[in-house]
Amino acid sequence: MVVWVTGASSGIGEELVYQLSKLGVSLVLSARRVHELERVKRKCLENGNLKGEDMLVLPLGLSDRSSHEVATKAVLQEFGRVSSNVCLYSVNGIALSEFEITRKDILIYGALGDMGV
């Protein structure tokens, strides 16, 4: 399973990435701040069940729609698919989220719920 988390550099997105890494889910980490994404990746590699090739740091600003197609192609080239996309972001400090959930994700979200996430 490959999960692409935007907003992965802090807050709920960062915690979600840590929990998914413990489950061995391959991850794409996106946000604007590359140095923060690299920090999150390092922590996942130290504490999760992933190797470097199981994670892709992909800087992305959601407001720059012209970059979305290139980013999607990069993810597909790296992993061949995306099982789920979790989009967490804020606008003027107001947190927003969009979840695209498939049948396979129910098991992951159920497991996260069991862990108190």
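## Ground rules

Residues are numbered from 1 along each chain as its sequence is written, and side-chain values use heavy atoms, with hydrogens and water left out. Because the model is predicted, local features need pLDDT of at least 70 and side-chain atom pairs count only at pLDDT 80 or more, while totals for chains, interfaces and linings use all residues.

## The whole protein

Let's start with the parts list: the protein has four helices and five strands. (Helices are DSSP runs of H or I with at least four residues, strands are runs of E with at least two, and both are numbered from the N terminus.) Reading from the N terminus, the order is β-α-β-α-β-α-β-β-α.

Of its 117 residues, 40% are buried, meaning under 20% relative accessible area with a 1.4 Å probe, protein chains only. Now take the contacts (heavy atoms within 4.5 Å) with a separation of 6 or more: 56% of them come from residues 24 or more positions apart.

## Helix 1 meets helix 2

How do helix 1 and helix 2 pack? Helix 1 covers residues 11-22 and helix 2 covers residues 34-47; their angle is about 30 degrees and their axes, lines fitted to C-alpha atoms over the stretch in contact, are 9 Å apart. The two helices are therefore roughly parallel to each other, a label for angles under 35 degrees.

On the helix 1 side, the contact is made by Glu14, Val17, Tyr18, Ser21 and Lys22. Helix 2 brings Arg39, Val40, Lys43, Cys44 and Asn47.

Note on methods: Buried means under 20% relative accessible area, exposed over 50%, partly exposed in between (1.4 Å probe, protein chains only). Axes are lines fitted to C-alpha atoms, for helices over the stretch in contact, and angles run from 0 to 180 degrees between N-to-C directions. Angles under 35 degrees count as roughly parallel, over 145 as roughly antiparallel, 65 to 115 as roughly perpendicular and the rest as oblique.
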